[in-house]
Protein chains: 2
Amino acid sequence: MAKVKLADVARAAEVHPGTASRALNPDQRGQVSAETVDRVVRAAQRLGYVPNAQARALRTARSHLVGIVVPDITNPLFPPIVRGAEHVLTSAGYTVLLTDTDNDRERERRQIESLLGRGVDGFIIATALWDDPLLTDLAEAGVPVVLTNRSASGGRWPYVAGDDQAGVRLSVQHLVGLGHRSIVHLAGPQNVSTGRDRARAFRAAAKEFGIGNGDARVSVCLSYSEAHGRTAMEKVLAARTPFTAVVAGNDLIALGALDALSDAGYACPEDVSVVGFNDMPFVGRLQPALTTVRLPLQRMGALAADLLMTELDAEGRQDAPTRTLLGVDLVVRGSTAAAPKRSRSRSRSRRT
Amino acid sequence: MAKVKLADVARAAEVHPGTASRALNPDQRGQVSAETVDRVVRAAQRLGYVPNAQARALRTARSHLVGIVVPDITNPLFPPIVRGAEHVLTSAGYTVLLTDTDNDRERERRQIESLLGRGVDGFIIATALWDDPLLTDLAEAGVPVVLTNRSASGGRWPYVAGDDQAGVRLSVQHLVGLGHRSIVHLAGPQNVSTGRDRARAFRAAAKEFGIGNGDARVSVCLSYSEAHGRTAMEKVLAARTPFTAVVAGNDLIALGALDALSDAGYACPEDVSVVGFNDMPFVGRLQPALTTVRLPLQRMGALAADLLMTELDAEGRQDAPTRTLLGVDLVVRGSTAAAPKRSRSRSRSRRT
DNA sequence: AGATTCACCACAATCGGTTGCGGTCTTCGA
DNA sequence: TCGAAGACCGCAACCGATTGTGGTGAATCT
């Protein structure tokens, strides 16, 4: 099965390669007689012709390649996004180049440059920092980019993500409804949009539901990880200011917080309620089952892909970037319960 | 930042493009004087030259593209593999094309064809069926392929995976050590190697540890999923033959089995012990924490990538395919315990 | 009938690198 | 001093598809 090329098809159909090309190309097909088109198509089929994408891309300057950039594919947040995007892209004839930056900026820069060398038509980026030089570079280079999951300052890129603000508000409302009056927020890193937005939303929701400043504290985690969630929680515990509920920046932070609480002898949800964010797979099966905010991740990826493709078709002359916030749900499970009668800041029933 | 091409660099360095090409190419650099090389390299640097991979690939017939084919990136088994492979591939100058077949053979075939059209140099395939026409097609086309996670009949492809046989043996040994004498295996689908191998290993281990045929039953699941694990477990329960332990084909099946057991009023590990396979993220945090077999997934991906690259460098004249089995560990957690005194086939203490 | 239009197709340039071949200039040995 | 060897570099063909331009013959118009 040696590679059959256009010239082979042309020879088999007894036409010039140029003609064969037109015959095979739907929007140029009008320039070729129906009978010839048929002959060429038939020959292509018979020989099992698959066009060489490299050559085509070289000539047309359109590779139909899309780069998807994620920080860590191992983080359960991203596979559904990638999957959603991949599905709509491949069915539209695009191919996905995946790259995992490992949260390393330098690495990320190299990867993106390498992908540019590969002639990708555009990027779906899930790693955006709030102020990201990489993004402005890409914008200057005129490369279409769609942000997902995270946004960036300036609102200059198309963007699709979950409605963080609504999610946090639902969480706080839920906790307040359960009688909690003193809540801490373990915020994600403040150099990414989700970290900032959720923290801001937390403060706003606290005020809205009548919780004073002192009772709505925020502690910032250095990253969205169990480890940093744990240390942030430990720091809050060390401060010895009473609280009965935790709104975590995401599920990983929530898990870390749960560990710290359990180490300190607090039971969840009896002593402290915890709510997460993202509804990662299996968090509903944990003990306690985590109350969390569910995002339509796969749809998010699919939408990001759609956005990117319209941007690609737009060829420059684009309107203001579309920014989509997807609705979110609060999934109430076992990690939240009515506030204890008195805040048990010291009821250490430490486990053995 | 208009695209700067080789001709631009050549002009800046006042040499012919061909010379510039050689100067930039490490293994042809010998044909150019050191001084010229320096001048060209400097110019390239200054202009920010990034070679056009399409053009290069077109001419050299080497794209430095590798396709990774997984059934479902959402399955926590695959991201670590992809990550491992991606890291070693990108640092070797390759780029990863990811495709998610959704367990759909037709889709998979289309994807692979499309990737071939893109000129990928080779594939890492994690979706292999035991008898897979796609694979033989690829082999005939002379496309290098490395199988990972799953093998295929004939042993004709390089392959890297966990040592299923050892994993299952460890599991059975562990259970027997706890006093279990009647164990059922919820096997994975029998058209993939892991399903077959683990089932075979189960029977062998049972015999080795002196468990009779009637006490080492096997029930096959239609897929590696919670749903099919559940129905398989339910079928076993319906048969009303007593047993005290379950060796699941993988963690997802184990989770499904856990559900079925719990619905039927059996407690784990008090009534029935369960052991999984793969040690997916967070299964250690479940209730009960799942005893399972841990595979070095990321290393698996990395090794697969290495294998593929050596195969690519070999250019056809290859020896017998390397087949690597990675060592596995049994991670003992809460879902396994000593066998109950009497097999409690009917001690329904059904939950409310 | 002659001129014009139109449909259809062939030709060749082009995308951006790579590489075999050959030419020039230097260097070294005899 | 002359010839051969070798180092260095330019030339141009090539990878495989796309597309603007132009040419041929048939159909149409007057």
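How many nonpolar, polar and charged residues does the surface near DNA strand C have? In this predicted model, local features need pLDDT of at least 70, side-chain atom pairs count only at pLDDT 80 or more, and totals for chains, interfaces and linings use all residues. Residues are numbered from 1 along each chain as its sequence is written, chains are lettered from A and ligands numbered from 1 in the order written, and side-chain values use heavy atoms, without hydrogens and water.

The surface has six nonpolar, 10 polar and six charged residues. Ala, Val, Leu, Ile, Met, Phe, Trp, Tyr, Cys and Pro count as nonpolar, Asp, Glu, Lys and Arg as charged, and the others, Gly among them, as polar. In total, 22 residues surround DNA strand C, and A:Thr36, B:Leu6, B:Arg22, B:Arg56 and B:Arg59 are the closest. Near means a residue heavy atom within 4 Å.

A polar side-chain atom of B:Arg56 lies 2.5 Å from one. For a polar side-chain atom of A:Thr19 the distance is 2.7 Å. A backbone N or O atom of A:His16 lies 2.8 Å away from a phosphate oxygen. Helix 4 of chain B gives the largest share of this surface, four residues. Helices are DSSP runs (H or I, at least four residues), numbered from the N terminus.

In chain B, B:Asp104 caps the N-terminal end of helix 6, with a side-chain oxygen 2.9 Å from the backbone nitrogen of B:Glu106. Just after this helix, B:Gly119 takes a positive phi of about 80°.

Technical notes
A polar contact is a pair of N or O atoms within 3.5 Å; within protein, one must be able to donate a hydrogen and the other to accept it, and residues adjacent in sequence count only if both atoms are side-chain atoms. Helices (H or I, at least four residues) and strands (E, at least two) are DSSP runs, numbered from the N terminus.
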